[in-house]
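Keep the viewer open as you read.

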Amino acid sequence: MRIGLLGGSFNPIHNAHLRIAGEAQEACRLDRVIFIPAADPPHKPLAGDVSFENRSTMVRMAIEGRPDFEMSTIEAKRAGKSYSIDTIRIFRERFAGDDLFFIIGGDSFLEIGSWYRYTGIFRLCNLIVVKRPGCQIINPLEVLPDAVRGAFSFDGKTGCLTHESGTSIFFVAGSPLELSSTEIRRLAAAGADITRYVPPDVAAYISQQRIYH
C-alpha cells in the first residue's frame, strides 16, 4: 500500500489541511492518508493551550465520511516532544512492507534543516512537498541543507529528488488556499463565523466548547 502521513498541531484543523491531503493523495496515488495530531510540538508552543483531546476530536470530525482518511493518536501515547523522525520510525516498523510518504508544506521543506535529526527522515520514507502560495521552490536541490544535498540527485523530467537510499521527494503544485490557524483562532475568539475556513462540524464544536474564547 501507499500510505501518506500528515502531521501537525491542527489547532484547529482547517480546509487547507484537507486540501493538502487530497492533492498529495491524488498526485502520488496514495491509498490512505493518516492525520497525526502533535501532542507536544517541538518548534513552537501550542497556542491557547488547547488539549490534545480537543484537537484530535476536531480532526476526527473533519475527516468523517472519508474512509481513505484516518487519524492516529500515536504521539499522545509517547512521552516527550513530538519529533517527526520518531513518529515516522514507528510507522516504518508498523508498515514494513508498504510505501510511506510524509506530507509537508513547502514552507516546512525550506526549514527542514532545523528539524531534529532530519537527515534520518530521508532514509525512512518518501516526502511529498505541497507548494504553497508565497513559497518559491525553483531549484529543489539548491534549497536542501548542505549536509544532505550530495545524497540527492534531481530528475529534470519528473521534477523530483531521489535519495541515495532509494526514497524520493515529490513536489506537488497545491491549489492556492491561503488560510492561517492563527487568524481562524482570532476570528473564533471574536465570535465570528468560521464556517468558510473549517468543516461545519468543526466550527460548531469550537463554538460549543468555547475552545478559543
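L5 has F102 as its bridge partner in β4, while G4 stands opposite F101 of that strand. This is a predicted model, where local features need pLDDT of at least 70, side-chain atom pairs count only at pLDDT 80 or more, and totals for chains, interfaces and linings use all residues. Residues are numbered from 1 along each chain as its sequence is written, and side-chain values use heavy atoms, with hydrogens and water left out.

On its other pairing, F101 has N126 in β5 as its bridge partner.

| Strand joined to β4 | Bridges | Direction |
|---|---|---|
| β1 (residues 2-8) | five bridges | parallel |
| β5 (residues 126-131) | five bridges | parallel |

Strands of a sheet pair through backbone hydrogen bonds, either parallel or antiparallel. Zoom out and you get an open sheet of eight strands, ordered β3-β2-β1-β4-β5-β8-β7-β6, with mixed pairing. At the edges sit β3 (69-71) and β6 (152-154), each pairing on one side only. From one strand to the next, the twist averages 25°; axes are lines fitted to C-alpha atoms, for helices over the stretch in contact, and angles run from 0 to 180 degrees between N-to-C directions.

How enclosed is strand β4? Six of the seven residues in β4 (residues 99-105) are buried, so the rest of the structure largely encloses this strand. Buried here means under 20% relative accessible area, using a 1.4 Å probe and protein chains only. Helix α3 (residues 84-94) lies across β1, β2 (32-37) and β4, running at about 155° to β4.

Now for the packing. A nonpolar core is a set of buried Ala, Val, Leu, Ile, Met, Phe, Trp, Tyr and Cys residues joined through side-chain atoms within 4.5 Å. The largest one has 37 residues, and I13, F35, I103, I128 and I194 touch the most other members. Helix α1 gives the most to this core, with six residues. A second, separate core of 30 residues includes L5, I34, I88 and Y118.

I128 makes contact (heavy atoms within 4.5 Å) with residues including A24, C28, F101 and F102, leaving aside neighbours within four places in sequence. Both A24 and C28 are among the buried residues of α1.

How values were computed. Buried means under 20% relative accessible area, exposed over 50%, partly exposed in between (1.4 Å probe, protein chains only). Helices (H or I, at least four residues) and strands (E, at least two) are DSSP runs, numbered from the N terminus. Two strands pair if DSSP finds at least two bridges between them.
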